[in-house]
Amino acid sequence: MITNPVRVIPIECKFGPIAAFAYYVDAPEPAIIDTGVSISASQDIEPTLAQHGIRIEDIRWILLTHGHVDHLGGAYAVWEKTGRNAKVVIPKKEARLLRDKNEQIVDYKSLQGKYITDSAIQEKHISMLTTDIGGIIEPDLEVVDGDSIHLGGDITLSVIETPGHSIGSVTFVLEGFDWAFAADAVQMYGGLSGMPTIENSRLYRKSIKRLLEEVRPKRLFLGHPFRNKDGHLQNAQVECKKVAEVLKASLDMDTKLKDLVKRHLINGRHAEQHELYGPFGSIADEIGYTGDPRHLPCAFFVTMNGYQEELIGTEIKREEENRNDSEKV
Ligand SMILES: [Zn+2]
């Protein structure tokens, strides 16, 4: 049983208008959870740790919650600064994104890129994505649900799969404290762009419910400041009673998005192509969304695509059920 609180240092990694949090976890074998983008190691991680008297080269574990560029982009630079001594850990389902920059392009093209018709803008996005990754790494460990990582002494992180934001996102839970490093698995009402990023809405909902009902964290460490219902950005480190509020807000937004996509797509209004929002123009209209999908990152297309896929999937299932019913008759 651990009695001393573990020191966690949030590190704000800034790039452009965005910031992503990395978290230093103090332990006999110190860990960093997520790494910002390629410039973050020198620009934010090393100086912030130095203010606390910690040397970046002493980090022994680089733990990545998922494969998005703003979380794994800095992994190579941090790894280099440890003399390549730190072990690099990533969810098994997203290891390909650490090994091969082309996999980032494949994902981009199958999500946001699908709705960006201007090839010059696509090229700009792809070049931004690939330059934000410092270098490719072969991971030391590919984790799945139920795995544990021992940071020495009594300090252990368990791995909980929390997919949905991305297909392979995990949450690292500090055992004995129930502190959950969920990063982007929890999105509330969305980040800067005003829309949560949800690649798979069904999995996202399931993961939030699991955190709320089963994991029940006492602290939540998120990847970005996310908005509350009123649109105000909230602190990315959440404690006590606020944890459940944040998880419930995420479920509320999910319900709203699911309903929105269902109503608009069933009514067939999506057939009209909007100049900026493609098939989802009427949805942007209804919610007053004004973000520009030509800038990265754009949650709008990724999330609309996710809910649309769930809707289509549901419809196929319903047809099958109907067919089964009629066969019985
Ligand atoms: Zn992400």
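**Helix packing and a zinc site in a predicted model**

Helix 7 crosses helix 8 with left-handed geometry. The model described here is predicted. Helix 7 spans residues 201–215 and helix 8 spans residues 241–266. Their axes lie 10 Å apart and meet at an angle of about 155 degrees. Angles over 145 degrees count as roughly antiparallel, so helix 7 is roughly antiparallel to helix 8. On the helix 7 side, the contact is formed by S201, Y204, R205, I208, K209, L211 and L212. Helix 8 contributes A244, L247, K248, S250, L251, D254 and K258. By class, the residues of this contact are 7 nonpolar, 2 polar and 5 charged.

Helix 5 covers residues 101–110, and helix 6 covers residues 119–131. The two pack at about 140 degrees, with axes 10 Å apart. Helix 5 and helix 6 are therefore oblique to each other. Their crossing is right-handed. Helix 5 makes the contact through K101, Q104, I105, Y108 and K109. From helix 6 come Q122, H125, I126, L129 and T130. The contact of helix 5 with helix 6 holds 4 nonpolar, 4 polar and 2 charged residues.

The zinc ion was considered next. Its ligands are H66 through NE2, H68 through ND1, H165 through NE2 and D184 through OD. Along the chain, the donors follow the spacing H-x1-H-x96-H-x18-D. H68 and H165 link distant parts of the chain, 97 residues apart. H68 sits in the loop between strand 4 (61–63) and helix 2 (69–72). H165 sits in the loop between strand 8 (156–161) and strand 9 (170–174).

Another loop residue, Q234, was also inspected. Q234 lies in the loop between strand 11 (219–222) and strand 12 (237–239). Leaving aside residues up to four places away in sequence, Q234 touches M188, P225, F226, R227, N228 and K242. Q234 and H224 are 10 residues apart along the chain, and their C-alpha atoms are separated by 8.9 Å.

Terms used. Residues are numbered from 1 along each chain as its sequence is written. This is a predicted model: local features need pLDDT of at least 70, side-chain atom pairs count only at pLDDT 80 or more; totals for chains, interfaces and linings use all residues. Side-chain values use heavy atoms; hydrogens and water are left out. Axes are lines fitted to C-alpha atoms, for helices over the stretch in contact, and angles run from 0 to 180 degrees between N-to-C directions. Helices (H or I, at least four residues) and strands (E, at least two) are DSSP runs, numbered from the N terminus. Angles under 35 degrees count as roughly parallel, over 145 as roughly antiparallel, 65 to 115 as roughly perpendicular and the rest as oblique. A crossing is left-handed if the near helix is turned anticlockwise from the far one by less than a right angle, and right-handed if clockwise. Contact means heavy atoms within 4.5 Å. Ala, Val, Leu, Ile, Met, Phe, Trp, Tyr, Cys and Pro count as nonpolar, Asp, Glu, Lys and Arg as charged, and the others, Gly among them, as polar. Donors are N, O and S atoms within 2.8 Å of the metal (3.2 Å for Na, K and Ca); water is not among the atoms, so sites may look incomplete.
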